[in-house]
Amino acid sequence: MNLLREQSRTRPISPKDTERMVGIIHRKFSSIQMQLKQSTCGAVMILTSRFLDARRKKRNFSKQATEILNEYFYSHLSNPYRSEEAKEELAKKCSITVSQVSNWFGNKRIRYKKNIGKFQEEANLYAAKTAVTAAHAVAAAVQNHQTNSPTTPNSGGYPPSCYQSDGRLQ
């Protein structure tokens with residue numbers, strides 16, 4: 001309005017023309033304001049969805065890494081805090097960072113304490129798995145020892161340490 005009044009000093013502008021020009025300016029301003037609001041809202045929605053997607057996305061470790069960490073956790077329940085060397089070794093085995101290993105064990109200890117009944121079953125599974133692995137290792141060692149060690153005639157395949165000095169089985 002002030003600009004139109006200034007111009008009316010140099011050339012006459014009727015009040016009707018002033019009103020029409022002000023109307024055009026208001027419509028143009030409203031249109032620009034609406035476009036700005038829409039583009040701002042669109043940008044905010046895109047950023048919000050990207051942020052929420054990034055927060056919701058679970059970044060689980062591989063199944064093999066989780067197996068390694070669980071096996072280690074349950075086999076060392078009596079000492080639940082890992083040394084830095086153990087963390088570094090686990091991080092290399094699992095292809096994750098030492099910080100991720102530390103966080104995983106921290107979270108696992110908390111969850112374990114909260115749901116000890118539920119996790120006891122999982123601990124039993126890992127203990128059984130370890131026992132089976134150990135039994136297989138012992139059986140393989142015995143088999144290997146029997147095939148590689150000398151035996152006495154008529155010994156039935158027992159190693160010499162199983163016999164008394166007179167040749168009878170102990």
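Student: Which residues of H4 are buried?

Tutor: In this predicted model, the buried residues of H4 are Ala86, Lys87, Leu90, Ala91 and Cys94. Looking down the axis of H4, these buried residues fall within an arc of 135°, so they line one face of the helix.

Student: Why would residues a few places apart point the same way?

Tutor: An α-helix has 3.6 residues a turn, so residues three or four places apart point the same way.

Student: Which residues are exposed on the other side of H4?

Tutor: Glu85 and Lys92 are exposed there. The word "exposed" calls for a relative accessible area over 50%, while "buried" calls for one under 20%.

Student: What covers the buried residues of H4?

Tutor: The cover includes H3 and H5.

Student: How do you know how H3 and H4 are oriented to each other?

Tutor: Their axes come within 9 Å and cross at roughly 155°. Angles over 145 degrees count as roughly antiparallel, and H3 and H4 are therefore roughly antiparallel to each other. Their crossing is right-handed.

Student: Which residues of H3 and H4 meet?

Tutor: From H3 there are Ala65, Ile68, Leu69 and Tyr72, and they meet Ala86, Leu90, Lys93 and Cys94 of H4.

Student: Which residues of H3 are buried?

Tutor: They are Ala65, Leu69, Asn70, Phe73 and Tyr74. Down the axis of H3, its buried residues fall within an arc of 150°, so they line one face of the helix.

Student: What makes H4 and H5 roughly parallel, oblique or roughly perpendicular?

Tutor: The axes of H4 and H5 come within 8 Å and cross at roughly 105°. An angle from 65 to 115 degrees counts as roughly perpendicular, which makes H4 roughly perpendicular to H5. Glu84, Lys87, Glu88, Leu90 and Ala91 of H4 make the contact with Val98, Val101, Ser102 and Phe105 of H5.

Student: Why is Lys108 called buried?

Tutor: Lys108 is in helix H5, residues 98-114. Its relative accessible area is 7%, and the cut-off for buried is under 20%, so Lys108 counts as buried. Apart from neighbours within four places in sequence, Lys108 is in contact with Asn70, Phe73, Tyr74, Phe119 and Glu122.

Student: How do you know whether Arg109 is buried or exposed?

Tutor: Arg109 also lies in helix H5. Its relative accessible area is 16%, and under 20% counts as buried, so Arg109 is buried. Not counting residues up to four places away in sequence, Arg109 touches Phe73, Pro80 and Tyr81. Arg109 and Leu77 are 32 residues apart in sequence, and their C-alpha atoms are 9.4 Å apart in space.

Student: Where does Ser95 lie?

Tutor: Ser95 is in the loop between H4 and H5. Its phi is positive, about 60°, although Ser95 is not a glycine. Most residues other than glycine have a negative phi.

Student: What makes Ser95 buried or exposed?

Tutor: The relative accessible area of Ser95 is 66%. The cut-off for exposed is over 50%, so Ser95 is exposed.

Student: How many helices and strands has the protein chain?

Tutor: The protein chain has 6 helices and 0 strands, and from the N terminus on its elements run α-α-α-α-α-α. Of its 170 residues, 18% are buried. Among contacts with a separation of 6 or more, 43% are between residues 24 or more positions apart.

Notes
Residues numbered from 1 in each chain as written. Predicted model: local features only at pLDDT ≥ 70, side-chain atom pairs only at ≥ 80, totals over all residues. Heavy atoms only, no water. Buried < 20%, exposed > 50% of the residue type's maximum accessible area, 1.4 Å probe, protein only. Helix = DSSP H or I, 4+ residues; strand = E, 2+ residues; numbered from the N terminus. Arc of directions from axis to C-beta. Axes fitted to C-alpha atoms, helices over the stretch in contact; angles between N-to-C directions. Parallel < 35°, antiparallel > 145°, perpendicular 65-115°, else oblique. Left-handed = near helix turned anticlockwise from the far one by under 90°. Contact = heavy atoms within 4.5 Å.
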